[in-house]
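Visitor: I would like to learn how pockets and helix contacts are read from a model, so could you take me through an example?

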Amino acid sequence: MDPGIRGSLLRGRNGRPPEGRKGIRKAVLVGGGAMLLALGVAGQFAWPWSGPAIEIESDAQARPRGPVTIEADQLHRAYRDDPDAAAERFDGREMVVSGEFLRIVPDGYGSLDLRLKTSDPEEPLGVDVAQIAIEEAKQLVPGQRVTVSCQQMGTGGDALWVQDCAIQLGGDAALRPPAPAAPAQGQE
């Protein structure tokens, strides 16, 4: 085909593109703009490199946090002094708690709870005993030092407590009551 004729067909009369071509170009531009807008909006919700809708974990949140080893009174004071900071530090973590055993309390669910001494006699630390540790708990003597390994901090209620706990044994003597005092010389 002659290049002059081909050029006039593409440009139309007076050097302008025919209306069909102009409409197609407009549709392509509008469609492309709409696609870019849609991708930008989708990026706000799904792509990690754009938009404020994505929460990126800090290094502290991303690292696995191991168990906390703490004294019952230290745990009590942490929640008393700053409950929000204590919850951030301890919630969702395994707890290894040591303290002086006070008493056993039925928990209303057919199990037993322990109470460990804190600096506030009105607020001992509650210890939810796991089913497998109930027999060991029954052998504890008030005043005895005990360490419990717990799955996490308890939730709900007003009292401070740790949940699903096992008693750590430090040998056969760990759960036996203290030996009676030896009689003084000359007495029997």
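Guide: The lining of the second largest pocket in this predicted model divides into six nonpolar, one polar and four charged residues, where Ala, Val, Leu, Ile, Met, Phe, Trp, Tyr, Cys and Pro count as nonpolar, Asp, Glu, Lys and Arg as charged, and the others, Gly among them, as polar.

Visitor: Which residues line the second largest pocket?

Guide: A pocket is an open set of points, on a 1 Å grid over the protein atoms alone, where a 1.4 Å probe fits, with protein on both sides within 12 Å along at least five of seven lines, and lining residues have an atom within 4 Å of a point. Here the lining consists of D107, Y109, D113, R115, P124, G126, V127, D128, A159, L160 and W161. Strand β4 (DSSP E, at least two residues) gives the largest share, three residues.

Visitor: And which residues lie nearest the centre of the largest pocket?

Guide: Those are Y79, D158, A159, L160 and W161, out of 17 lining residues, while helix α4 (residues 72–81) supplies three, the largest share; a helix is a DSSP run of H or I with at least four residues.

Terms used. Residues numbered from 1 in each chain as written. Predicted model: local features only at pLDDT ≥ 70, side-chain atom pairs only at ≥ 80, totals over all residues. Heavy atoms only, no water.
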